[in-house]
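Dear colleague,

Please find below the structure I am handing over to you, followed by an account of what was found in it.

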Amino acid sequence: MSKKQITLGDKRIGRRAFLASSAAVAGSAASASLSATVARAASDENLPPHVPSWMKEQGAPVLSPPYGQPSPFEKNVVRRLRTATPTQTAASTLTPLQDLHGIITPNGLHFERHHAGVPAIDPDQHRLIVHGLVEQPLIFTMDDIVRFPSESHIYFLECSGNGSWTGTNAKSTAQDTHGLVSCCEWTGVRLSTVLAEAGAKPEGTWVLAEGADAVALSRSLPIGKALDDTLLVYAQNGERLRPEQGYPLRLFVPGYEGNINVKWLRRLKLGDQPFQTREETSKYTDLMPDGTARQFTFVMEAKSVITFPSGGQLLREKGFYEISGLAWSGRGRIKQVDVSTDGGANWTKARLQEPVLSKCLTRFRLPWRWDGAPAQLQSRATDDTGYVQPKRAQLVDVRGLNSYYHYNGIQTWQVTQDGAVSNAA
Amino acid sequence: MPHSLRIVLLCAIVAAATANPVRAAEPARFGIGHAATADAIAGWDIDVRADGRGLPAGHGNVADGRKIFAETCASCHGEKGEGEPADRLAGGFGTLATSKPVRTVGSYWPYATTLFDFIRRAMPYNAPESLTADQIYAVSAYILYLNKIVPEDAVLDASSLPKVAMPNRNGFTSPDPRPDAP
């Protein structure tokens, strides 16, 4: 029996299976340019009444590869560059929200925002220094950090630049419009625990967090939030952080704008005033119509987006569809999501998929029968503070068009008679 | 009291106070990590606050800054800080309340100290933490000169840099007024 298994696990079989699947991928990619007849003839061979080719031979052996990868047929479900930037190291990439299910973002699809690329950090060579207004400045290895009592939470993380005050590109997908948000289970130690270890002095009111990347990215965090639910995180969805998420250690500030969740964390300094870093003065401040700018606008307000049907997708026929999307709030739990199919004239309460967690993506669903007429799909989130996601016009009325960050207006997807879905902003 | 002794005592106090004998008591301190030496901290303690705390000894002038800027900064920020491909550093005065705001060091940044802090930690982009304190003071002086904030004969150091009057010093508001819409 075991001998047979070894024979069946032979590399040649694995390779043949792989080649077959590669050919199928190539065929699938090429089918758009080939004639419909050829494509259909090829695919019909695996459809009833024929026996599919993958039932006629052994599949790939175990450990191919040791770290599992998505099916090759899912090769288009990838992060994409947000905008063309002068360098690929100060850039951002977007999560393909329209292709994901449930609330968890797979680690390889978590959005990225780097200011100086992804450092290649050997965890044994990494240190965290905690100093400033503390009784005893301390230095920690990663082995030290993981010895502290730990906790895990599912939290969203969103860049405050997610969404556009001005952009109304009809071709935008949900990835383009909202892809700077992701959601993972994060594991680490409470910042309050580590600050207590160093003996934080009561006059300490702001914590400087600094990364070990090539811009030593730094932000100031108010002590109230630092002692509330802020974490020093070393694991993401069950495994150690991905390098692009701050391996081996990052700050995680639930519900606060992405930039303050400092990656590759190497230093925490307790002070009695904000440190006025470049990231909290010249960037990540919100310019108002009168020329003043709001500073320290940390929280990500309630927001939602329909991920199906969404920009770039196609409804091939009339009939039943489940409208589905994501809602979240940096202030707490999502209490309600309403969906409109007529551009906001009428609203229907969507079903919230459990779990509904604080500062976490919440999946909502609503059954819908498309009658083939044009439709304008919108979703509107309400959180447990009673805050209702605003319309674009309501936001612009107050903040103008130049504040760049913290856009959370209601998104509209236009469905045309032919079933095409496009961005109507 | 030494760190370790204090922890032992705290453990004893917490253990005595706990009602559940099965669960190990969580001490206020765990005795994890080591004392960070002044030397170790000094090498990493690079932040500069708005009041100037953290600024190192040294000084730099506009003329030296112009040379350093031309050699190490201009290829990304433009000869006179006009920007492209990287951020524009100069000009933009009077634009913040218009439909096309131009945010530069001169028109937008509230503190001159941030300039030193950011150059020291992040610039030049292809060789961060490579400039000396004197060079950073000089480049800061030149960028402020390009914005007509300091005169051509300005010399900046730890005492003068925090005193530079930035035009948009009072342009920032906090705390956060949200929720503000609707």
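**Pairing between the chains**

Strand β15 (residues 293-294) of chain A is joined to β4(B) by two bridges, and the two strands run parallel. Within this pairing, A293(A) stands opposite F172(B), a residue of β4(B). Please bear in mind that the model is a predicted one.

**The contact between chain B and chain A**

The contact between the chains involves 44 residues of chain B and 51 residues of chain A. On the side of chain B that touches chain A, the elements contributing two or more residues are β1 (34-35), α2 (38-44), α5 (113-122) and β4 (172-173) of chain B. The largest share of that side comes from α5(B), with five residues. Sorted by class, the side of chain B that touches chain A comprises 27 nonpolar, seven polar and 10 charged residues.

**Chain A**

Chain A contains eight helices and 24 strands. Of its 425 residues, 45% count as buried. Among the contacts in chain A with a separation of 6 or more, 71% are accounted for by residues 24 or more positions apart.

One open sheet of chain A consists of three strands in the order β1-β2-β3, and its pairing is antiparallel. Its edge strands are β1 (80-81) and β3 (112-114) of chain A, each of which pairs on one side only. Strand β2 (residues 91-94) of chain A pairs with β3(A) over three bridges, in the antiparallel sense. In this sheet, A91(A) stands opposite H114(A), which belongs to β3(A).

**A loop residue in chain B**

A further point concerns N147(B), which is located in the loop between α6 (133-146) and β3 (155-157) of chain B. Is N147(B) buried or exposed? It counts as buried, because N147(B) has 21 C-beta neighbours inside 10 Å, and the cut-off for a buried residue is 20 or more.

Leaving aside neighbours within four places in sequence, N147(B) is in contact with A90(B), T104(B), V105(B) and G106(B). As for G43(B), this residue and N147(B) are 104 residues apart in sequence, and their C-alpha atoms are 32 Å apart in space.

With kind regards

Definitions and conventions
Residues numbered from 1 in each chain as written. Chains lettered and ligands numbered in written order. Predicted model: local features only at pLDDT ≥ 70, side-chain atom pairs only at ≥ 80, totals over all residues. Pairing = 2+ DSSP bridges. Helix = DSSP H or I, 4+ residues; strand = E, 2+ residues; numbered from the N terminus. Contact = placed C-beta atoms within 7 Å. Nonpolar A, V, L, I, M, F, W, Y, C, P; charged D, E, K, R; others polar. Buried ≥ 20, exposed ≤ 12 C-beta atoms within 10 Å, placed from the backbone.
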